[in-house]
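Here is a short briefing to read alongside the model. Have the sequence and the 3D view open, and we can walk through a few points together.

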Amino acid sequence: MSKQKSVWEEFFTGKRSGGHRSSAEEFISREAREKLFHLDGGKTLLDFGCGAGELLVYYALEYEKLVGADFSESMLDEASKRIRARKCENITLILADDETVWEKLGSSFDRITAAGVIQYLTDEEVDNFISNASEYLNKEGKIVLFDLLNPRLYPLWRIGYLSRNFGCWKIFCKIGFETFSVVSASLNNRPRDILGYTHKPCIIESIANKHGFKMEYVQSMYYEYKYHAIMSRE
């Protein structure tokens with residue numbers, strides 16, 4: 001396991017929420033509807049990095065069989081509670097990361113998705129993920145990667161430029177804080193950004209093309225600094 005991966009596993013230890021912009025059920029419901037629109041059908045779904053299952057229980061209303069996978073035991077524990085409360089009997093949960101999930105699957109899927117997860121993978125690991133996912137994807141299936149960090153917009157969001165009440169002084173202070181955080185992380189041999197890596201859409205598209213997929217780039221409705229990558233077979 002890489003040092004950065006171990007840092008992120010440590011970061012998520014004990015966490016019980018998926019880090020959505022709002023934990024209000026109304027917001028999660030709207031976010032789920034957006035993602036279901038882009039998933040666009042199918043009967044079976046693998047949700048890699050399902051976290052606490054906030055979106056998964058909404059997906060369950062549209063799919064016959066679902067598997068939710070995550071490397072965090074605390075997240076899966078929360079997802080299990082949510083699934084029982086919603087009486088979603090069509091969901092199976094498994095404890096796994098991007099390397100071990102494939103050996104734990106017993107079937108292929110119409111849709112394979114990951115939301116807010118790809119940011120914790122390097123370009124090489126994304127390549128491996130898509131390669132493995134393609135082996136477990138049904139003929140007319142899609143791989144849909146949600147909420148990738150846009151390298152052009154994410155830095156602007158970090159310094160507050162995209163906020164509704166931004167100002168020059170606030171931005172100056174944020175730049176100073178961000179610079180301090182990066183230097184501190186470097187000195188302590190930790191990731192520069194606990195939210196992970198940004199990914200250029202053109203790089204993700206080239207990886208998709210390499211594995212026989214065409215990719216559609218879509219801006220996220222609810223996170224102005226994120227985008228979705230929708231992959232279908234050529």
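Which residue is the bridge partner of L148 in strand 7? The partner is Y227. Please keep in mind that this is a predicted model.

**Strand 5 and its neighbours**
- With strand 7 (residues 226-233), strand 5 runs antiparallel, joined by six bridges.
- Strand 4 (residues 109-115) pairs with strand 5 in the parallel sense, also over six bridges.
- A right-handed β-α-β unit is made by strand 4, helix 5 (residues 123-135) and strand 5.

**Aromatic pairs around F27**
- The count of aromatic pairs comes to eight.
- F27 and Y222 have ring centres 5.5 Å apart and planes at 75°, so this pair is edge-to-face.
- Because F27 lies in helix 2 (residues 25-39) and Y222 in the loop between strand 6 (213-219) and strand 7, the pair ties together parts 195 residues apart in sequence.
- Both F27 and Y222 are buried.
- F27 also forms an edge-to-face pair with Y223, at 6.4 Å centre to centre and 85° between the planes.
- Y223 lies in the loop between strand 6 and strand 7 and F27 in helix 2, so this pair links parts 196 residues apart in sequence.
- Y223 is buried, as is F27.
- Ring pairs join F27, Y154, Y222, Y223 and Y225 into a cluster.

**Lysines over rings**
- K226 lies over the face of Y223, at 4.5 Å from the ring centre.
- K35 lies over the face of F146, at 5.2 Å from the ring centre.

Technical notes. Residues are numbered from 1 along each chain as its sequence is written. This is a predicted model: local features need pLDDT of at least 70, side-chain atom pairs count only at pLDDT 80 or more; totals for chains, interfaces and linings use all residues. Side-chain values use heavy atoms; hydrogens and water are left out. Two strands pair if DSSP finds at least two bridges between them. Helices (H or I, at least four residues) and strands (E, at least two) are DSSP runs, numbered from the N terminus. A crossover is right-handed if, with the strands pointing away from the viewer, the path from the first strand over the helix to the second runs clockwise. Rings of Phe, Tyr and Trp (its six-membered ring) pair if their centres lie within 6.5 Å; planes under 30 degrees apart count as stacked, over 60 as edge-to-face and the rest as tilted. Buried means under 20% relative accessible area, exposed over 50%, partly exposed in between (1.4 Å probe, protein chains only). A charge sits over a ring if NZ of Lys or CZ of Arg is within 6 Å of the ring centre and within 35 degrees of the ring normal.
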